[in-house]
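Subject: Structure handover

Hello,

Here is the structure for you to look over. My notes on the ligand and its surroundings follow below.

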Amino acid sequence: MSVTIVFGSDSGCTKKIASRIASQIDARTVNITKAQSSDFEDCSLLILGCPTYGDGDLQADWEDHLNALEEAELKDKKVALFGTGDQEIYPDSFVDAIGILYDIVVGKGAKVIGFTKTEGYSFTHSAALRDGQFVGLALDEDNQSSETDDRIAAWLPQLS
Ligand SMILES: Cc1cc2nc3c(=O)[nH]c(=O)nc-3n(C[C@H](O)[C@H](O)[C@H](O)COP(=O)(O)O)c2cc1C
């Protein structure tokens, strides 16, 4: 299985997580600032990683380069999402960005895998929820970094 992880990151956390996941599943990582449509297309599993900024927004590089994703052919593509956020300071918009990416890729015909449960998190609202689950892996390196390895380990088997 060929896996590509496209990520954006302001302060390095999401980049670090992307590398950590990549080393475990032999994936290639591509910064969204350099991504071409072919990076989204030429893999059997596409993983997108994005922190939430502002008040529930995509990270700025994702916003600036979203056209590469929007122009990609994603019909029936297997896609998984992971988001980084801060549930204590931003409890009303926790990991919203992956909800935004979810709507985009589903709108393009992708098949999103790797939903996760909300147990163990404390927040009031997230645009990343569908039917009571996160649309991908939610990570909080600001408050729950000790959970991250276990959360990744529980998530990855869902993607194969
Ligand atoms: C100005 C600012 C706004 C943020 N807004 C949100 C938010 O709305 N929701 C959320 O879950 N996290 C929010 N965060 C937390 C970041 O998403 C989190 O720290 C993330 O790990 C940063 O990832 P990065 O280091 O890859 O840029 C915000 C952080 C900052 C500095």
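This is a predicted model: local features need pLDDT of at least 70, side-chain atom pairs count only at pLDDT 80 or more; totals for chains, interfaces and linings use all residues.

The volume of the largest pocket is about 300 Å³. Its lining is made up of 21 residues, and those closest to the centre are Thr52, Tyr53, Gly85, Asp86 and Asp142. Sorted by class, the lining has 10 polar, seven nonpolar and four charged residues. Helix H1 (13-25) and strand S3 (45-53) each contribute at least two residues to the lining. The most comes from S3, which supplies three.

The ligand

There are 20 residues around the ligand, of which Ser9, Ser11, Thr14, Thr52 and Tyr53 come nearest. This shell has six nonpolar, 10 polar and four charged residues by class.

- a ligand oxygen atom lies 2.7 Å from an N or O atom in the Ser93 side chain;
- a ligand nitrogen atom lies 3.1 Å from a polar backbone atom of Asp86;
- a ligand oxygen atom lies 3.2 Å from a polar backbone atom of Gly12.

On its own the ligand exposes 650 Å², and the protein buries 83% of that area. H1 and S3 are the elements that give two or more residues to the shell around the ligand. S3 gives the most to this shell, with three residues.

Regards

Key. Residues are numbered from 1 along each chain as its sequence is written. Side-chain values use heavy atoms; hydrogens and water are left out. On a 1 Å grid over the protein atoms alone, a cavity is a set of points where a 1.4 Å probe fits but cannot get out, and a pocket is an open set with protein on both sides within 12 Å along at least five of seven lines; lining residues have an atom within 4 Å of a point. Grid points are joined across faces, edges and corners, and a volume is the space filled by probe spheres set on the points. Helices (H or I, at least four residues) and strands (E, at least two) are DSSP runs, numbered from the N terminus. Ala, Val, Leu, Ile, Met, Phe, Trp, Tyr, Cys and Pro count as nonpolar, Asp, Glu, Lys and Arg as charged, and the others, Gly among them, as polar. A residue is near a molecule or strand if one of its heavy atoms lies within 4 Å of it. A polar contact is a pair of N or O atoms within 3.5 Å; within protein, one must be able to donate a hydrogen and the other to accept it, and residues adjacent in sequence count only if both atoms are side-chain atoms. Accessible areas come from the Shrake-Rupley method with a 1.4 Å probe; for residues, only the protein chains shown count as cover.
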